[in-house]
Amino acid sequence: MAEIKVPELAESISEGTIAQWLKQPGDYVEQGEYLLELETDKVNVELTAEESGVLKEVLKDSGDTVQVGEIIGTITEGAGESSAPAPSESASANEQTKEEAKAEPAAQEVSQEAQSETKSKTVASPAARKLAREKGIDLSQIPTGDPLGRVRKHDVEAYEKPAPKPAAQPKQQAQKTQQSFDKPVEVQKMSRRRQTIAKRLVEVQQTSAMLTTFNEVDMTAVMNLRKRRKDQFLEQNEVKLGFMSFFTKAVVAALKKYPLLNAEIQGDELIVKKFYDIGIAVAAEEGLVVPVVRDADRLTFAGIEREIGELAKKARNNKLTLGELQGGSFTITNGGTFGSLMSTPILNSPQVGILGMHKIQLRPVAIDAERSENRPMMYIALSYDHRIVDGKEAVGFLVTIKNLLEDPEQLLLEG
C-alpha cells in the first residue's frame with residue numbers, strides 16, 4: 001500500500017487546499033496519472049500517483065486545508081472495483097464474512113462503548129469537523145450509523161441544527177459582525193489565492209512606508225519606431241514588438257542608475273541585488289499573478305517580448321510553476337490594458353519598487369510658448385518604500401524612464 005502525501009512545494013509554502021480530486025475511491029490509476037488538484041497561495045499544482053494501483057481511501061475532501069507531508073489518501077495494488085476477484089480472494093472473503101458474523105456481537109459492544117466515549121470526546125473525520133465548524137454544529141450532538149461512532153461528513157450534512165433559543169445581548173452583538181440582507185445576495189467563498197492576495201496587500205501597507213510619485217511620457221517616438229519596425233521585427237523574430245520590452249529595458253537602465261530600488265530589507269540589513277529579474281503583473285482568472293522575467297538585462301527586445309508572451313499565456317491557462325513566480329527584484333504592472341488612466345500600484349513585497357503603466361491618451365502638449373500639439377501621452381507611477389528610497393531617488397528613477405522612452409534609441413546604448 002502506498003501513501004499519498006502532500007509534497008514539498010516551495011520554501012514559502014507550507015500548506016494548500018484540495019481544489020478537487022480527479023480520481024475517486026475504487027478507481028484504478030497508472031503511475032504518473034493525475035490524482036488531484038492542489039491550490040496553493042501562488043499556483044495550482046496537480047499531484048500524480050507515484051505507483052499504479054487502486055485509490056483505496058481519500059482522507060481529505062475538496063476544500064480541506066492540508067499541510068506539506070500530510071497523508072491525504074492511499075493506493076493499494078489491484079485492478080479496481082470492476083475486476084472479478086481471484087478464487088483465493090473469494091475464499092478469503094467468505095472466511096472474512098464468517099469471522100465478521102461471529103464478531104458482530106463484539107462490534108455492538110464496542111459501538112456502545114464508543115458511543116459513551118463520544119459524549120466526552122467525539123471521533124470525526126477531518127471533513128466532518130471542518131463542515132461542523134462552518135455550520136456551527138456541536139459534533140457530540142450529531143447521530144451517526146458508524147459502528148465505532150465516527151462522525152462522517154454526510155452525517156453533518158444530514159443533521160438539522162435545532163433552532164436557537166432567543167438570546168439577549170450576546171446574540172445581538174454576534175449579529176453585528178455578520179450583516180444580514182433583506183434583498184437577494186450571493187455568498188461566494190474566497191479562493192486561497194484571493195485570500196492570500198488580500199492578506200499580503202494589507203501587510204504591505206502596514207509594514208512599509210509606501211509613497212507614489214507620478215510623471216507622464218510622450219509616447220510619440222516609441223509608437224513611431226514600432227510602426228516603422230513592427231513588420232520586420234515580426235518577420236525576423238516571430239513575435240510582435242510591444243510596449244513591454246521598451247518599458248522593461250528602461251526599468252533595467254533606471255535600476256542600474258538607482259540601485260536602492262532593486263533592493264529589499266531583511267531585518268536590519270539592506271540587500272542590494274546585482275541581478276535584474278523583473279516581475280510582470282498578469283491578470284489571471286483567480287487573481288493577479290506576477291511571473292518573473294529572469295535576467296532581463298541580458299535579453300534582447302525579442303527575448304523579452306517572447307518571455308512575457310509565454311508567461312502570460314501560462315498564467316491565463318493556470319500553468320505557471322512555482323519557480324516562474326518566485327523571486328523578482330522589481331515589478332511592472334500595466335493597468336492601461338484595462339483603460340486605467342492613473343493609479344497607485346501597491347508594492348510586491350519584499351520588493352521596494354513597482355512601476356505602473358497606464359492608458360495612452362491623446363492630450364494637448366505645449367511644444368513652445370506659442371504652439372501646442374496633440375500627443376499620445378501616458379501617465380506613469382512609481383510606488384516605493386520610503387524606508388530606504390528617498391524622494392529624490394524615486395523622482396530621478398521616474399525621470400530616467402521618461403527620458404529613455406521619449407528617446408528610445410538610448411535604450412540600445414544602455415543595453
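View 1. Strands (E, at least two residues) and helices (H or I, at least four) are DSSP runs numbered from the N terminus. The model is predicted: local features need pLDDT of at least 70, side-chain atom pairs count only at pLDDT 80 or more, and totals for chains, interfaces and linings use all residues. Residues are numbered from 1 along each chain as its sequence is written, and side-chain values use heavy atoms, with hydrogens and water left out.

**View 2. Helix H7 (residues 244–257) crosses helix H9 (residues 391–406) at roughly 135 degrees.** Their axes come within 9 Å; axes are lines fitted to C-alpha atoms, for helices over the stretch in contact, and angles run from 0 to 180 degrees between N-to-C directions. H7 is therefore oblique to H9, the term for angles that are not under 35 degrees (roughly parallel), over 145 (roughly antiparallel) or 65 to 115 (roughly perpendicular). Residues in contact (heavy atoms within 4.5 Å) include Phe-246, Ala-250 and Leu-255 of H7 and Phe-397, Ile-401 and Leu-404 of H9. By class, the contact has eleven nonpolar residues, one polar and one charged. Nonpolar covers Ala, Val, Leu, Ile, Met, Phe, Trp, Tyr, Cys and Pro, charged covers Asp, Glu, Lys and Arg, and polar covers the others, Gly among them.

**View 3. Helix H7 packs on helix H8 (residues 301–316) at an angle of about 115 degrees.** The axes are 9 Å apart, and the angle makes H7 roughly perpendicular to H8. Met-244, Ser-245, Phe-246, Thr-248 and Lys-249 of H7 meet Phe-301, Ile-304, Glu-305 and Ile-308 of H8. This contact of H7 with H8 divides into five nonpolar, two polar and two charged residues.

**View 4. Asp-295 and Asn-318 lie in loops on either side of H8.** Asp-295, between strand E15 (292–293) and H8, has a positive phi of about 50 degrees although it is not a glycine. Asn-318, in the loop between H8 and E16, is not a glycine either and has a positive phi of about 60 degrees. Asp-295 is partly exposed at 30% relative accessibility, and Asn-318 is partly exposed at 27%. Partly exposed lies between buried (under 20% relative accessible area) and exposed (over 50%), with a 1.4 Å probe and protein chains only.

**View 5. A cis peptide bond joins Ser-349 and Pro-350.** Its omega is about 10 degrees. Pro-350 lies in the loop between strand E16 (330–334) and strand E17 (353–357).
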